[in-house]
Amino acid sequence: MLEIKNLHARIGDREILKGLSLTVKPGEVHAIMGPNGAGKSTLSYILAGKDDYEITEGEVLLNGQSILDLTPNERSVAGLFLAFQYPIEIPGVATMTFLKAALNSHRKAKGQDELTTPEFMKLVKGVAERLNITSDMLKRPVNVGFSGGEKKRAEIMQMALLQPSICILDETDSGLDIDALKVVSEGVNALRSPDRAFVVITHYQRLLDHIVPDIVHVLSDGRIVRTGGPELALDLEKNGYAAYVADAAA
Amino acid sequence: MAAVKETVDHVLSIDVDKYKYGFVSDIESDVAPKGLDESTVRFISAKKDEPEWLTEWRLEALRRWRTMDEPTWARVDYPPIDFQDLHYYSAPKKTAGPKSLDEVDPALLETYKKLGIPLKEQEILAGVEKGDRLVAVDAVFDSVSVVTTFKAELAKHGVIFCPISEAVKTHPELVKKYLGSVVPVSDNFYATLNSAVFSDGSFVYVPKGVRCPMELSTYFRINEKNTGQFERTLIIADEGAYVSYLEGCTAPSRDENQLHAAVVELIALDDAEIKYSTVQNWYPGDSEGKGGVFNFVTKRGDCRGKNSKISWTQVETGSAITWKYPSCILRGDNSRGEFYSIAISNGRQQVDSGTKMIHLGKNTSSKIISKGISAGRSSNTYRGLVSIGRKASGARNFTNCDSLLIGNKCGAHTVPYIESKNASAIVEHEATTSKISDDQMFYCLQRGLPQEEAIALIVNGFVKDVLQQLPMEFMVETQKLIGISLEGSVG
Amino acid sequence: MVATPARTPAELALVARYPAERTSLPGTADVIAIRDAAFGGVEKSGLPHRRVEDWKYTDLRARLKTFPPAAGPADVARILIAAPAVEDDKARRLVIANGRYRPELSDLKDLEPGLSVFSLATALEAGDTLVLAALKLDDAVAANTAVALNTAFMTDGLVIAVADGAEIQRPVELVHIAEGEPAASTAVRHLVTVGKGARMTLIETIESLDTVAHHSNVMTVLEVGDGAKVDHIRLQLEPDEAVCMTSLVAKIGREASFDTFNAALGAGLARAQIFAEFTGRDARAGFRGVTMLNGRRHADTTLFLVHGAENCQSRELYKAVIDDEARSAFAGRIAVPAHAQKTDARMMTASLLLSEEAEADAKPELEIFADDVQCGHGATCGAIDDDLLFYLLSRGIPKAEAESMLILAFLGEAIDEIQNQAVHDALIHRVEGWLKARAA
């Protein structure tokens, strides 16, 4: 489903990804863990197509097709969804307007008709309810005046609406208390399916208690330095990243 | 044509007044020769069968105009206009328009399609001549029936709503009392020119205590055609009256007249309120800016009475050059003035627009919200004045003008003048200039919106405070229009 | 169409003075040519009036009643006993009296390495090519009336150079003193070059020992080298009768840091002009000032800033307090050309009107051609906030004192940005004196 081959990327003179490879199959949940500055957020931005980075080498395939030449919106409609670590506030743009525009863009790409307003409302309401998103929140401008937890829930709601095939969750647990973490995780788990995969990027193990990964990777200094099962995350929690960082440096 | 010229020359050589009536019946064609002098003014006045006082009023304007220079202070650049090389009067329809939609600029048609304008209306807007101008005539006939219904309803409430040329005859006392009382004859170069040669326009009078039962708009959207390049509008809201007036149309309209110099005067007496909304989308010219409309407009409202209120809302997306400062004179104590503006420039368009809030009365308040968006190679200037007079105790102004740049070949400029002569007045002004945030753009793209749609979405958010001031049906159309106006602004 | 209006008395005085003085002013034939060109422009256009946009709020034609004769030599004894405007033992005082640099009154001992100071008049007489080159100004600046008059009539000034990398520990204070009666006029030009990575604090004070209608025109051309750090502060302390025009021309180099502060406390007619330009990327600058006006005085601050390079940051903050029938004007224009991406500029101006007859005008302008910028401006105008005043009164503070506290707080936002403690204190002291006199 998602294949990253020997990806090298830099920002300015600084090389951040130094030959990262990763293969994610349908239905799998991968966790990418790593210390601060390992390149975790860079990876998520590069996959989504933010143009601050220069790809110097390597390839990224989504369902067998290279996406590096696609614009961010093309990647989105191709099925890639990024849940932002810091969802962006867009004052003046109503959440519903935004959601409708995004959803219709996806439907158009799939050759489907635009939803009528009642259909759309019904769809959003259903998804919103499951994530404890109040109608008041939907009336506000995109992410404006949302608490940290509300923003993350809104991200998951968008994920549920757009039905992506691969979801990148960038530090989705940051800034969440335990209750919010549960709601968000349940939202994500509800979306798990045999034909959808997840890449969960996180610094801490605690998110992985709720979204249990199939495979855990350790990212350090721009490379995957260790891959294992869920037990790897527990080991990291206990012993820290030091050993892996040293491995990478060696 | 030659005959016309001869006749005019002939008339020139003798006392025109004596020949006024004969003159009219003599003329087959409805075009005044090029150039502007007393005979042109008399010709126009005679054509309209105007009373002597109005002819004199026009002639006085012409005399003043001759001593004036074209203003050069605005940040607009255009080739010199030869004012003697223009026709100052032409009855509707003289030159041949396109014979069918096939002859119309495909870009224009594409825009109509996007706005969802019915085919028939497209033809009217594009000025298509079918056979013997059937399309336009049909439209007029259609509208006549609508107008009749409207008129009955308005008459029931005592509201007068008619062409100003008609009002001159049916309500001379009102016209005489108010015409030129807000924009004096010699106010500025273009207004003075308008005073000398104005073609036609609307007249509205809402009597004491009457709340005008409808938006004065639908009628006008068709009627507006052919009011000519020197439009003159006069709206009076008598004590306690309310009226909302809407001019323009979201559809881009071609116009054979390149120069437009309209004058709009609003008068609000005690406790009256006038809301005036404009959507201007005249032809901006081709990609090089050629052939677009020059729009030099003087719009001013006079809050003459206490507790009166005048509110201007404008959406400016068209014209090659826009030179426009809808203003409020806040004369009555406790009167209020508002200006909400969206000005979008793309291609080679040049916009120099803003407002003047002149606080004269006590406890007067004004609010200015201006949103400028420049894209392409355009230039977009906000120019505004907030003036607090010595006697305007307790006056209050709040101004917010934000500019957005799309691309680095355009310019966005902010030129506010703030003049306060009263210590108890509070004036607050804030302005920002920025581009669409990369983060917002990326976020929208990530959710699958194409770039242009993302821009339109963000820009619509940017202008939301102003959009909300528009009547409902216009708000929706305007949102679409914003997206269309910005097409081709990136990439 | 517009007929040339009749010459005003001030214009007549100017036109009479220049031909009589041009050859006796310091300088070689090259200098005279520069002076002639400058004066020719003024002679042709006359004094600017309100229809000239850059002088809209300061109609020089109407306000400048006379143009007094050139000042004669100053009485050194009176200057010696005069109290300094800024009590600062550390500052190196360089005295310009009646338009002439007076080394004998100046502190020239132990000049720091890398600091050189000499007289402009001497350089003009010698035809110093570097100095001649430094007289060349951008066209728009050269054509400005106050600048052109300075060019035409400048008698002296200081040519100061700070070598690359030099850190000048002692602030350099240029003390302008007008002495004697009857009223006379002076024109002084300073050329200051601060080398790469160098640092200096430059203070200017402008004052007069006599309460007559002196007319002073002080212009400083400052070059801030790449990576240099310059702090410039001017205290304008002229008597109410005086006319004072100052111009600062600043070019700010790459990665440089520049601050300028203008305190307009005196003169019946004051105009402070700043023409600044970022010439190298990644630089920052602060432009600030306070104006205090009473009586029928008029003060104008006009700032033209060209954000001419990428990724530069500027902050502008100007505050005015206006009492009686005085009038304050602020015009600030920030221009951002298309190549100056990542520009970050914030301009703020605020006026506090203290009387019914006071007047404030502001024109904060943005002219922007680059898209990736964050620019903004704000302007406010109003009286002392009633709620704040009431709060102070309710705590038992008398009204006059409460007002003084609030006025000081209002000005303090700008004054507290002054890094030099001695100047900061001297200014606060003046402001407090002004407030005390007002409350009395």
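**View 1. An open sheet of 6 strands in chain A, from a predicted model.** Its strand order is 6-9-10-3-11-12, with mixed pairing. Here, strands are DSSP runs of E with at least two residues, and helices are runs of H or I with at least four, numbered from the N terminus. Two strands pair if DSSP finds at least two bridges between them. At the edges sit strand 6 (80-83) and strand 12 (223-228) of chain A, each pairing on one side only.

In this predicted model, local features need pLDDT of at least 70 and side-chain atom pairs pLDDT 80 or more, while totals for chains, interfaces and linings use all residues. Residues are numbered from 1 along each chain as its sequence is written, and chains are lettered from A and ligands numbered from 1 in the order in which they are written.

**View 2. Strand 3 (residues 29-33) beside strand 11 (residues 215-220) in chain A.** These two strands pair in the parallel sense over 4 bridges. Look for A:Ile32, whose bridge partner in strand 11 of chain A is A:His217.

**View 3. Where chain B meets chain A.** The contact (C-beta atoms, placed from the backbone, within 7 Å) takes 18 residues from chain B and 21 residues from chain A. Helix 13 of chain B gives the most to the chain B side, with 7 residues.

**View 4. Helix 4 (residues 117-130) of chain A.** This helix has 14 residues and reaches 20 Å from its first C-alpha to its last, close to the 20 Å expected at 1.5 Å a residue, counting one less than its number of residues. Helix 4 of chain A is followed by A:Asn132, with a positive phi near 55 degrees.

Notes. Two residues are in contact if their C-beta atoms, placed from the backbone, lie within 7 Å.
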